[in-house]
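Please read the points below with the model open beside you. They are meant as a colleague's note, to be checked one at a time.

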Amino acid sequence: MLGKRGWRRPKPRAKLRPLRPRAIRRARLSERQLAQWFSLLVDMLKVGFPLRRALSFAKVIMPKQAPVIDYVATNLSQGISFATAVRPWVTADQAVQLQLAERHGELTQALGELSTYLTLRTKEKQKLRALLQYPLLLLALLVGLGVVLRLYVYPELQSWQAWQLPAGLVMALQ
């Protein structure tokens with residue numbers, strides 16, 4: 001206790017991903033789309049295009065992600081770093097990696113590594129889903145079999161048990 005004030009409430013933990021601005025709140029990127037976008041940026045940067053030109057080209061190639069790319073391009077024109085601009089779509093660890101790479105002039109390499117990582121992660125998720133389908137199918141069949149037994153077979157067995165043969169017939173069969 002802290003005197004008259006009572007117990008102190010714990011401070012809320014900071015969220016790992018900041019809220020997106022209202023203009024792009026609905027714009028979402030899947031891991032696959034993010035990997036494709038980063039891969040395209042890496043290819044463009046390796047050829048020698050500046051980052052802003054690469055973003056405008058990416059907007060043409062990927063029209064569904066145009067709001068996201070516009071948001072990043074606008075932030076870059078305002079002087080905000082690339083890592084900060086893409087922060088709403090990447091995890092905190094990935095944003096720190098991009099920020100460090102940008103400071104040390106290795107943004108192209110970091111984007112390439114991040115693109116490879118996201119692609120592998122997407123493939124692993126697909127493999128895991130495929131592997132989980134068979135056990136889930138077996139579990140569903142087992143539950144279905146249990147329901148059929150419970151609803152149809154067990155009542156029939158109970159009715160057979162209730163029906164009894166005459167005592168004389170039982171002696172004759174033995």
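At what angle do helix 2 and helix 3 pack, and how far apart are their axes?

1. This is a predicted model, in which local features need pLDDT of at least 70 and side-chain atom pairs count only at pLDDT 80 or more, while totals for chains, interfaces and linings use all residues. Residues are numbered from 1 along each chain as its sequence is written, and side-chain values use heavy atoms, with hydrogens and water left out.

2. Helix 2 (residues 51–61) packs against helix 3 (residues 66–77) at an angle of about 165 degrees, and their axes are 9 Å apart; helices here are DSSP runs of H or I with at least four residues, and axes are lines fitted to C-alpha atoms over the stretch in contact, with angles running from 0 to 180 degrees between N-to-C directions. The two helices are therefore roughly antiparallel, a term used for angles over 145 degrees.

3. On the helix 2 side, the residues making the contact (heavy atoms within 4.5 Å) are Leu51, Arg52, Leu55, Ala58 and Lys59, and those on helix 3 include Ile69, Val72 and Leu76.

4. Glutamine 94, which lies in helix 5, is buried at a relative accessible area of 7%, where buried means under 20% with a 1.4 Å probe and protein chains only. Leaving aside neighbours within four places in sequence, glutamine 94 is in contact with Leu114, Tyr117 and Leu118.

Key. Parallel < 35°, antiparallel > 145°, perpendicular 65-115°, else oblique. Buried < 20%, exposed > 50% of the residue type's maximum accessible area, 1.4 Å probe, protein only.
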